[in-house]
There are 2 protein chains.
Amino acid sequence: MNETGTTRNVNDLFRRACYRQPVERTPVWMMRQAGRYLPQYRAVRKKYDFITMYKTPELAAEVTLQPVDIIGVDAAILFSDILVVPEAMGMELHFLEGKGPVFPQPMRDDGDLSRLRPVEADLDLKFVMDAIRICRRELAGRVPLIGFAGAPWTLATYMIEGQGSKNFINIKKWRYANPDSLHRLLEKVTVAVMEYVKAQVAAGAQAIQLFDSWAGILDKDGFAEFALPYARQIFRSIDDADVPLIYFAKGAGIWLDLLMQSEADVLGLDWTVNIGEVRQKVKDQFALQGNLDPVSLFAPPQNIRQQVIKILEDFGAANGHIFNLGHGILPDVPVEHAQAFVQSVKEESPRFHAGSKK
Amino acid sequence: MNETGTTRNVNDLFRRACYRQPVERTPVWMMRQAGRYLPQYRAVRKKYDFITMYKTPELAAEVTLQPVDIIGVDAAILFSDILVVPEAMGMELHFLEGKGPVFPQPMRDDGDLSRLRPVEADLDLKFVMDAIRICRRELAGRVPLIGFAGAPWTLATYMIEGQGSKNFINIKKWRYANPDSLHRLLEKVTVAVMEYVKAQVAAGAQAIQLFDSWAGILDKDGFAEFALPYARQIFRSIDDADVPLIYFAKGAGIWLDLLMQSEADVLGLDWTVNIGEVRQKVKDQFALQGNLDPVSLFAPPQNIRQQVIKILEDFGAANGHIFNLGHGILPDVPVEHAQAFVQSVKEESPRFHAGSKK
């Protein structure tokens with residue numbers, strides 16, 4: 001453990017839960033917790049565009065740390081975007097107001113593969129590593145810092161579709177008509193992501209989450225062939241046994257048998273699965289992260305508390321649960337509701353850990 | 001069986017498969033098969049708007065029958081829209097070009113419940129019953145005619161959101177903050193849908209499919225409380241033992257244990273499940289309909305054939321499979337690809353039924 005992790009007040013609930021060790025209460029954080037629902041985030045965002053924010057280490061660090069103090073989460077997650085990797089590979093990236101990220105020149109066939117260059121993470125993505133270093137210094141061990149990347153399938157989907165899509169026709173056309181070249185693209189992306197997450201760990205990231213946000217557009221065979229093996233390859237490449245690995249494959253709960261081959265430490269669950277049933281199936285092989293429907297944060301705080309209790313009861317009195325939403329927090333959620341959510345987990349979870357001692 | 005079903009050339013593959021009886025080959029039809037991918041449909045649509053088409057029995061019947069001759073499907077499904085029921089309940093409905101159906105005054109709280117009136121299906125939706133009668137006469141028993149309705153959860157979602165939605169915040173707010181009044185809305189819709197499907201059967205519909213297109217936005221408890229019981233109530237109300245009942249709850253394959261409580265004869269499956277694994281679990285309790293990814297119809301015909309073979313192999317040599325897409329056919333699919341899909345099922349499936357005799 002390095003110098004920043006040795007203070008007395010270290011909150012290591014998240015880390016212990018990732019390794020299914022006993023905790024006094026269930027740790028909690030929220031995907032996209034450094035985001036627009038926070039007035040303090042909006043104040044920064046008013047002055048800078050999204051790209052400037054994640055490319056300026058001081059700004060990225062500032063918003064990364066906001067929810068630690070304001071919401072009281074048990075882990076920070078770096079403010080960044082999964083598309084920095086394709087951008088570093090040479091793809092021009094725009095963020096359009098109200099529309100999100102767009103690649104104006106998406107990849108359309110294997111001729112485009114030559115447009116992609118290898119990523120030297122410490123150089124090409126230095127702004128991320130600098131942000132990690134600032135965050136670790138500022139956090140001073142209060143809570144751990146989670147690094148992340150997009151999983152290759154999800155990045156390739158963006159690179160081919162160019163933006164969000166309703167039916168994902170372009171990547172599926174490619175998949176059915178020319179699967180070998182799609183594998184070549186996925187291999188290139190995988191190498192880049194491996195470099196990227198290794199550099200994050202070297203810079204100080206204390207856990208790594210892979211976001212496979214578009215796993216759920218696939219069929220089961222497609223997930224087994226085009227998504228899972230590349231995510232697994234990345235997890236295998238992180239040989240630091242002190243860094244828990246989280247796989248969040250949205251919409252993939254239906255393929256739990258495949259998720260269990262991912263070689264992650266933690267499976268992130270969206271809200272469509274019953275976390276208790278998943279726990280019965282994965283037993284001691286994985287910790288589980290999730291799984292409150294992010295839309296339920298629009299409900300009155302007393303309803304939020306009921307939903308929290310329901311998930312705690314479903315999971316039961318066992319180790320290995322990191323409370324989270326089943327997807328990112330939505331921009332219009334009242335900040336008091338986010339606070340009520342985190343507070344509910346803190347207040348309701350200790351009785352499920354009554355037999356635990358630190 | 002009435003007079004139209006007694007001709008010599010009757011194709012009853014679909015019907016037999018629904019009841020898991022032996023067939024010589026797997027029957028096949030496509031959700032949204034009367035649709036824009038067909039040049040003959042577009043020719044009609046050029047002259048009339050969408051609402052005029054489904055409200056004019058002769059036009060609705062014309063496009064209903066097109067895919068029977070052009071594509072060679074084993075069942076016709078009435079051309080209509082699930083939103084005719086909320087419209088008949090008193091909600092103003094617009095179809096916006098390029099945007100789809102919109103309720104300009106969506107329901108926002110239980111005060112709006114009083115806006116809804118009971119449906120007299122034979123009067124309020126006479127145009128549907130007339131279209132069914134024309135279709136039956138024109139089909140003359142060549143293939144059966146499927147009637148359909150939206151399931152209450154999906155209709156209520158449209159009525160509350162007013163249109164398609166990304167996060168379905170309005171209905172979920174209502175669900176968490178005021179579940180009792182949401183149940184009152186669902187009860188009203190259920191009564192209307194029951195009247196509607198009973199009238200369809202009386203007019204000549206030979207099977208009924210309930211579309212629960214937005215089941216998948218729910219969590220498991222929500223599906224068990226707000227979607228499943230209302231669909232089941234409708235299935236129970238259809239007491240004609242000669243009318244197979246199909247429940248297509250998109251995105252609900254993850255809750256197979258709940259789907260098995262639906263009391264339908266057939267479970268419609270989207271493309272995210274492996275149909276062979278589902279068959280192992282449902283055994284002889286249900287026939288299964290599906291489950292090719294509709295996007296795979298953009299692939300070259302030889303790839304479509306491979307996908308068809310894969311699903312036939314997954315299902316195996318057993319009775320009770322109706323081949324279909326996992327969701328509606330997309331508007332830009334080349335018509336030759338739709339034909340190749342249906343032809344592949346017809347050519348590849350007989351060897352999986354080698355032991356069957358009529």
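These legends walk through several close-up views of a predicted two-chain model.

Residues are numbered from 1 along each chain as its sequence is written, while chains are lettered from A, and ligands numbered from 1, in the order in which they are written. As this is a predicted model, local features need pLDDT of at least 70 and side-chain atom pairs count only at pLDDT 80 or more, though totals for chains, interfaces and linings use all residues.

**View 1. Here is the open sheet of chain A.** Seven strands line up in the order β1-β4-β5-β6-β7-β8-β9, with parallel pairing. A strand here is a DSSP run of E with at least two residues, a helix is a run of H or I with at least four, and both are numbered from the N terminus. Two strands count as paired if DSSP finds at least two bridges between them. At the edges sit β1 (76-77) and β9 (321-325) of chain A, each pairing on one side only. Further in, β5 (residues 207-212) and β6 (residues 245-249) of chain A pair in the parallel sense over five bridges, and I208(A) stands opposite L245(A) in β6(A). Helix α10 (residues 179-203) of chain A lies across β4 (145-150) and β5 of chain A, running at about 170 degrees to β4(A). For that angle, axes are lines fitted to C-alpha atoms, for helices over the stretch in contact, and angles run from 0 to 180 degrees between N-to-C directions.

View 2. Five of the five residues of β6(B) (residues 245-249) are buried, so the strand is largely enclosed by the rest of the structure. Buried means that 20 or more other C-beta atoms, placed from the backbone, lie within 10 Å of a residue's own. L245(B), Y247(B) and A249(B) cover one side, and I246(B) and F248(B) are on the other. Strand β5 (residues 207-212) of chain B runs parallel to β6(B), joined to it by five bridges, with L210(B) opposite Y247(B). Three bridges link β6(B) to β7 (residues 266-268) of chain B, again in parallel, and I246(B) faces V266(B) there.

**View 3. This one shows where chains A and B meet.** Each chain brings 23 residues to the contact; two residues are in contact if their C-beta atoms, placed from the backbone, lie within 7 Å. On the chain A side, helix α9 (residues 169-177) gives the largest share, five residues. A rotation of 180 degrees with 0.0 Å of shift along its axis superposes chain A on chain B (RMSD 0.0 Å), which is the relation of a two-fold axis. In chain A, the C-alpha nearest the axis belongs to I254(A), 2.5 Å away.

**View 4. Next comes helix α9 of chain B.** In α9(B) (residues 169-177), I171(B), K172(B), W174(B), R175(B) and Y176(B) are buried. Their cover includes α14 (301-315) of chain A, along with α8 (152-161), α10 (179-203) and α11 of chain B.

**View 5. Last stop: G35(A) in its loop.** G35(A) is found between α1 (13-18) and α2 (39-47) of chain A. G35(A) is buried, with 21 other C-beta atoms within 10 Å. Leaving aside neighbours within four places in sequence, G35(A) is in contact with Y41(A), I329(A) and P331(A).

Terms used: A residue is buried if 20 or more other C-beta atoms lie within 10 Å of its own, exposed if 12 or fewer, and partly exposed in between; C-beta atoms are placed from the backbone. Copies are superposed by least squares on the C-alpha atoms of residues with pLDDT of at least 70 in both.
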